[in-house]
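The exercises below concern the open spaces of a structure and the place where its chains touch. Try each task before reading its solution.

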Amino acid sequence: MQNPFLPPPKKSLQEMTQEEQAEQGAKQIMDVISSCPGKAIMSGVSGYVLGGFFGIFMASMAYDTPVGTGLQSNPLSKMQDLPLKQQMKIQFKDMLARTYSSAKNFGYIGMIFAGVECGVESFRAKNDIYNGTIAGCITGGGLAIKSGPQAALFGCAGFAAFSSAIDVYMRSENGRPPTNDYDM
Amino acid sequence: MSMFLNQQSLQTVDETKLQYAEIQYDAMKSTLNTIFAQCSQKCIPLDYGENDMNKGETVCTDRCVSKFMQANRLLGAFAHRVRLSESDLSHYEQIKRKYLSGN
């Protein structure tokens, strides 16, 4: 007798109706999005965008840093003596550089954290707060490793603590479902 | 439509085939129910906050079902090879009696 636990045989794309094709396509998209690389890419992209906004905001707030004029002909002229368009161009370039660096940082953070957390969760086959702790440690340590081992250790500890705190807050609402809908 | 064509064959149902079908149905039903009970007990914790399964729960359920089916296949082959029958499992009656009496 045939094994009834196996799924039904797959139909090729032409045999399915329009509804089934749409359902199949939606299922494929959901599979890709919920996979580990998909999660990492999505988190990285959203981190990049968020970092961009953050960088623009921070660059507009930082009015006290001196910006060089970049003009070779007149090294003694101050920024205020330049025409308005030149001032705007220089400031805009500086803001763009800040935005880009901030966006890159946030994008890395998001991508590495989401990827590592998903990988650790798939490996352990458990869903608890320690996935976030381990992923935070690897993210923080990995981003700070160029500044030496002590910086990496502090980055690991800080990021792991931050991630654990956020996870504990998010999970504080979880609990067992009520036994019935009447006596809450 | 066959009930109008072959009135005779409607009355005779092969008893042995029916018994085989019942035994197979019982076996598959108990396997499926055990899979549900065991894997949900091992993989899905009682605290949850959303109706979808997490990545960890999905992976755990996949592995649990796969291991269960492998073990089921191996044990089935073994039982078939040594021709295991109900008389070999007579000690289970005592266990069942003890469990049902509430000890």
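**Exercise 1.** How much space lies in the largest pocket?

*Solution.* The model is predicted: local features need pLDDT of at least 70, side-chain atom pairs count only at pLDDT 80 or more, and totals for chains, interfaces and linings use all residues. Residues are numbered from 1 along each chain as its sequence is written, chains are lettered from A and ligands numbered from 1 in the order in which they are written, and side-chain values use heavy atoms, without hydrogens and water.

Step 1. On a 1 Å grid over the protein atoms alone, a pocket is an open set of points where a 1.4 Å probe fits, with protein on both sides within 12 Å along at least five of seven lines; lining residues have an atom within 4 Å of a point. Points are joined across faces, edges and corners, and the volume is the space filled by probe spheres set on them.

Step 2. The largest pocket holds about 1,400 Å³.

Step 3. Its lining has 39 residues, and Glu121(A), Asn127(A), Arg171(A), Glu50(B) and Asn54(B) are the closest to the centre.

**Exercise 2.** Which element gives the most to the lining of the largest pocket?

*Solution.* Step 1. Helices (H or I, at least four residues) and strands (E, at least two) are DSSP runs, numbered from the N terminus.

Step 2. With five residues, α4(B) gives the most to this lining.

Step 3. By type, the lining divides into 13 nonpolar, eleven polar and 15 charged residues. Here Ala, Val, Leu, Ile, Met, Phe, Trp, Tyr, Cys and Pro count as nonpolar, Asp, Glu, Lys and Arg as charged, and the others, Gly among them, as polar.

**Exercise 3.** Which residues lie nearest the centre of the second largest pocket?

*Solution.* Step 1. This pocket contains about 670 Å³ of space.

Step 2. Of its 14 lining residues, Ala27(B), Thr31(B), Asn72(B), Gly76(B) and Ala79(B) lie nearest the centre.

Step 3. Elements giving two or more residues to the lining are α3 and α4 of chain B, and α4(B) gives the most, eight.

**Exercise 4.** How many residues of chain B are in contact with chain A?

*Solution.* Step 1. Taking contact as heavy atoms within 4.5 Å, 15 residues of chain B meet 18 residues of chain A.

Step 2. For salt bridges (a side-chain nitrogen of Lys or Arg within 4 Å of a carboxyl oxygen of Asp or Glu), the count across this interface is zero.
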